[in-house]
Amino acid sequence: MRVAALYDVHGNLPALEAALADVDEERVDLLLCGGDLLLGPQPSECLEELRGRDATFIRGNCDRDVASGAGSGDPWGDRIRWTKSRLSDDELEFVRGWPELFSAEIDGLGQVLFCHGSPRSDEEIITAITPPKRLDPMLDGVRERVVVCGHTHVQFDRKVGDRRLINAGSVGLPYEGEAGIACWALLGPEVELRSAHYDVGLAVDALRASGYPDDDGAVRGFLLEPSTADEATAHFEALSDPSL
Ligand SMILES: [Mn+2]
């Protein structure tokens, strides 16, 4: 089996369409949506596009928040509630049924575990430099030698002991220092970290037209002036390890 892993779309339909056009160039047996599909300007459009392609879904922390409508009074709480309001009861019910983990036998790689944050949490952070001391408890009891995650929007492919850890990156809001790329991963028999180019102006227009709350300009900023991978990785490690 060959798998296309599309993580962290965040309701960015132009980016999703670009990634899917790239996927269509490959012979893929399974389309895996790795979570955080919804929170963004076009949640229903992105969900229906992937449902129409019979994708397999796992749940991200933001999908969980959107389905429950949980969120504080800050701008992200407004975004969560707005996104929930754009989904039908049927769509929300579908999202609530998503599992946290998915495992598949992939050509050349063996059994591969897909999670959103870490195998034990949809919001735990794994980066390219997370030390084994923090990784070991997250991977305790995991049988698969290959683990694919997302959540940080930064791609990597690293060896840790006898395991291979891969971050598929983000389709909709990658932190790779370049605007207008949609990142995803092709698995089997090799691991290919891919990025498809698209017109980021279409995503900015969709953001504005949708009415998605962005008074603080944060999402516009993520689209037009994304952090570099090194900046984002340092930021996430500092969040995860208070001693840094
Ligand atoms: Mn996430």
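Colleague: How many residues lie between β7 and β8 in their hairpin, and which residue in the turn has a positive phi?

Modeller: This is a predicted model, so read every value below as computed from it. In general, most residues other than glycine have a negative phi. Here β7 and β8 form a hairpin with 2 residues between them, and Gly161 in the turn has a positive phi of about 60 degrees. The strands run antiparallel and are joined by 5 bridges. Within that pairing, Lys159 has Arg164 in β8 as its bridge partner.

Colleague: What stands opposite Arg164 on the β6 side, and how do β6 and β8 run?

Modeller: Val146 stands opposite Arg164 in β8. Strand β6 (residues 146-149) and strand β8 (residues 163-167) run parallel, with 4 bridges between them.

Colleague: In which order do the strands of this sheet come?

Modeller: The order is β4-β5-β6-β8-β7, an open sheet of 5 strands with mixed pairing. β4 (102-106) and β7 (156-160) each have a single partner strand, so one side of each has no neighbour in the sheet. From one strand to the next the twist averages 25 degrees. As a general point, side chains in a regular strand alternate between the two faces of the sheet.

Colleague: Which strands make up the open sheet that contains β1?

Modeller: That open sheet has 5 strands in the order β3-β2-β1-β9-β10, and its pairing is mixed. β3 (56-57) and β10 (191-197) are the edge strands, each pairing on one side only. Strand β9 (residues 181-187) runs antiparallel to β10, and 7 bridges join them.

Colleague: Where is the cis peptide bond?

Modeller: As a rule, most peptide bonds are trans. In this model a cis bond joins Gly188 and Pro189, with omega at about -10 degrees. Pro189 sits in the loop between β9 and β10.

Colleague: What is the phi of Asp54, and what is that of His153?

Modeller: Asp54 is not a glycine, yet its phi is positive, about 60 degrees. Asp54 lies in the loop between α2 (43-52) and β3. His153, also a residue other than glycine, has a positive phi near 65 degrees, and its place is the loop between β6 and β7.

Colleague: How should I read the packing of α1 against α7?

Modeller: Two packed helices are described by the angle between their axes and the distance between the axes. For helix α1 (residues 13-23) and helix α7 (residues 200-210), the angle is about 145 degrees and the axes are 8 Å apart. Leu13, Pro14 and Ala15 in α1 meet Leu202, Ala203 and Ala206 in α7. By class, this contact has 6 nonpolar residues, no polar and no charged ones.

Colleague: Which strands does α1 lie across?

Modeller: α1 lies across β1 (3-6), β2 (30-33), β9 and β10, and runs at about 130 degrees to β10. Ala19 is among the residues with the most contacts inside the largest nonpolar core, which has 57 residues. Beyond its neighbours within four places in sequence, Ala19 is in contact with Leu6, Val171, Ala182, Trp184 and Ala196.

Colleague: How many residues of α3 are buried, and what covers them?

Modeller: Helix α3 (residues 61-68) has 6 of its 8 residues buried: Cys62, Asp63, Arg64, Asp65, Val66 and Ala67. The cover includes α4 (75-85) and α5 (89-96). Just after α3, Gly69 takes a positive phi of about 75 degrees.

Colleague: Why can the whole protein be called as compact as a globular protein of its length?

Modeller: Its secondary structure comes to 9 helices and 10 strands. The radius of gyration is 17 Å, close to the 18 Å that the globule rule gives for 244 residues, so the protein is as compact as a globular protein of that length. Buried residues make up 44% of the 244.

Terms used
Residues numbered from 1 in each chain as written. Predicted model: local features only at pLDDT ≥ 70, side-chain atom pairs only at ≥ 80, totals over all residues. Buried ≥ 20, exposed ≤ 12 C-beta atoms within 10 Å, placed from the backbone. Contact = placed C-beta atoms within 7 Å. Pairing = 2+ DSSP bridges. Axes fitted to C-alpha atoms, helices over the stretch in contact; angles between N-to-C directions. Rg over C-alpha atoms; globule rule 2.2 N^0.38 Å. Nonpolar A, V, L, I, M, F, W, Y, C, P; charged D, E, K, R; others polar. Core = buried A, V, L, I, M, F, W, Y, C linked by C-beta atoms within 7 Å.
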